[in-house]
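Hello,

Here is the structure I promised to pass on to you. Have a look at it first, and my notes follow below.

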Amino acid sequence: MNDWPEGFTGDNRGSRYGRGSSSAQPESARVMRQVRRGPAASPGQAGYGGAPPYAGGVPQQPSYVDGGYGTGDGYDSGYNTGQVYGSPGGRGPGGPGDGMYEPRPAPNWRRRIKVTTITLVTLLVVTSVATYFWADSKLNRDVDLAKVIDRPEAGEGTNYLIVGSDSRKGMSAEEKKKLHTGSAEGKRTDSMMILHTGGGAPTLISLPRDSNVTIPSFKGSDSGKFYPNTGRQTKLNAAYAEDGPELLVRTVEANTGLHIDHYVEIGFAGFANIVDAVGGVEMDIPQDIKDTKSGADLKKGKQTLNGEQALAFVRTRYALAGSDLDRTKNQQKFLSALANQVATPGTVLNPFKLYPTMSAGLDTLVVDKDMSLFDLASMFWAMKGVSGGEGKSMNMPIAGNTANGNLQWDTAKLKTLVNQLKNDEQVTVSGN
C-alpha cells in the first residue's frame with residue numbers, strides 16, 4: 001500500500017511539477033515529494049535530472065522504503081557513531097590523513113638543549129682559537145736567547161727575567177710630559193725581577209738596578225762580535241743599556257749561576273695602558289709620596305691608581321728612605337696586584353675589558369722567541385699567587401756597598417738561594 005498521494009511514486013510522476021517533469025505547473029502545497037535514496041551512482045552516471053553525483057567523501061543517504069529509512073543494503077550512515085562526512089571520529093573533512101586539525105607535538109626539550117649546548121661549545125671553541133692566534137700574532141718576539149753564550153745548566157722549574165724599561169718608543173711629546181718620563185734617548189731598565197715557578201709556591205726576587213756586577217764575555221746581539229771578560233764591574237742596568245736584553249740575561253746568569261728560561265719586558269706606555277685597560281689597580285699606599293721626578297703625588301691609604309699614578313708609584317725612589325730597595329718592594333707589590341686584577345673573572349669573562357687589556361699589554365710586551373702564550377699566562381698566574389700570599393717575594397740579599405757605591409750581593413745567601421731555585425725547593429733565604 002502506498003500512503004503517498006497519487007502520482008508521487010518513483011515510477012509514475014505524471015505531469016506534476018518537479019524535476020524531470022514535463023509540466024510547469026506546481027504541485028499542491030500539502031503534497032510532499034518522495035525522496036529516493038539508493039546506491040551511489042556509478043562513475044559517469046548522472047543523478048537526478050542529470051546532475052553530477054555527490055563527491056568529496058559525502059556519504060549516500062539511506063533510501064526511504066516501506067515507510068522508513070531502510071538499512072537492508074548494509075549501509076550505515078555513521079550518525080550513530082559520530083562519523084560525519086566520512087571523517088572517522090568526527091574530526092572533519094579529510095580524516096586523519098588530512099592533518100589540518102592534528103594537535104602539535106610536545107616540544108622535544110632534550111633535543112633543543114642538546115643543539116643549544118653544541119652550538120655554544122662550538123662558538124666558544126672557535127672564539128678561543130681565533131683569540132689565541134690573534135694574541136699570539138701580537139707578541140713581539142724580539143729577544144733571541146740563542147745568542148747568549150756560556151749558559152748555566154737549566155734546573156727544575158721555570159725562571160722568568162721580568163724587566164721594566166724606560167723605553168719611550170711610540171710616545172708623543174704630550175704623553176711623555178703627562179707621564180713624567182722625560183725625553184732621554186736609548187733604553188734603560190727601571191726594574192728587574194726573577195720569577196721562579198715550579199712544583200711549589202712561586203718566588204719573586206727583585207734585582208736592584210744599582211747592584212754591582214761583573215760584565216762577562218759576550219757576543220754582540222747585532223754585530224756578533226766577541227767581547228772578552230775584562231773584569232769590568234758596573235751597575236746591573238748598565239748591561240742592558242750597553243747591548244740590550246741578551247747581554248742583560250748573560251750578565252744575570254754569569255753573576256748568579258741561575259739559568260733564565262724566558263725574558264719579558266714592558267715599557268712605560270704599555271705599563272700605563274694595561275692599568276687603564278683593567279680600570280685601575282687598588283693599592284694600599286704605606287705613606288704619603290710626593291716625588292717631582294716621577295710625578296708621584298699620592299696620599300697614604302687604600303686607593304685605586306690609574307695608569308699615570310701607577311707608573312709614578314713604581315718609578316719613585318727619591319722620596320723613599322730605602323731608595324732603590326724600597327722602590328723594588330713597591331714594584332713587586334704593584335705587579336702582583338696588577339696580575340691579580342687581570343686574572344679576576346670581571347676581566348677574563350668580560351670581552352669589553354679582556355680584549356683591550358690583552359691588546360694594551362701584547363702591543364708593548366717584548367719577549368724571547370720561545371715564549372708562548374701559555375708561558376705568559378703561567379707567569380701572570382704565578383704573580384697572582386704571590387699577590388695572594390701563596391708565594392714569596394723578596395729582594396736579592398745585600399751585604400752592603402762596594403767601593404764604587406754600588407750594592408754588593410751577599411754571596412753566601414746568593415749561593416743558597418740559587419741552589420734552592422735550581423732544585424725547585426722552598427726558598428728559606430731572606431732578602432733586604
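What share of the contacts in the protein chain with a separation of 6 or more comes from residues 24 or more positions apart? Such residues account for 65% of them, where contact means heavy atoms within 4.5 Å.

Please keep in mind that this is a predicted model, in which local features need pLDDT of at least 70 and side-chain atom pairs count only at pLDDT 80 or more, while totals for chains, interfaces and linings use all residues. Residues are numbered from 1 along each chain as its sequence is written, and side-chain values use heavy atoms, with hydrogens and water left out.

The chain as a whole

The protein chain has ten helices and 19 strands (DSSP runs of H or I, at least four residues, and of E, at least two, numbered from the N terminus). Of its 432 residues, 38% are buried, meaning under 20% relative accessible area with a 1.4 Å probe, protein chains only.

The annotated span

An unreviewed UniProt entry lists residues 115-135 as "transmembrane region"; such annotations may be inferred rather than shown by experiment. In the model this span is 100% helix, and its end C-alpha atoms lie 30 Å apart.

The lining of the largest pocket

Helices H1 (109-138), H6 (324-342), H8 (351-364) and H9 (373-387) each supply at least two residues of this lining. H9 gives the most, with six residues.

Best wishes

Terms used. Buried < 20%, exposed > 50% of the residue type's maximum accessible area, 1.4 Å probe, protein only.
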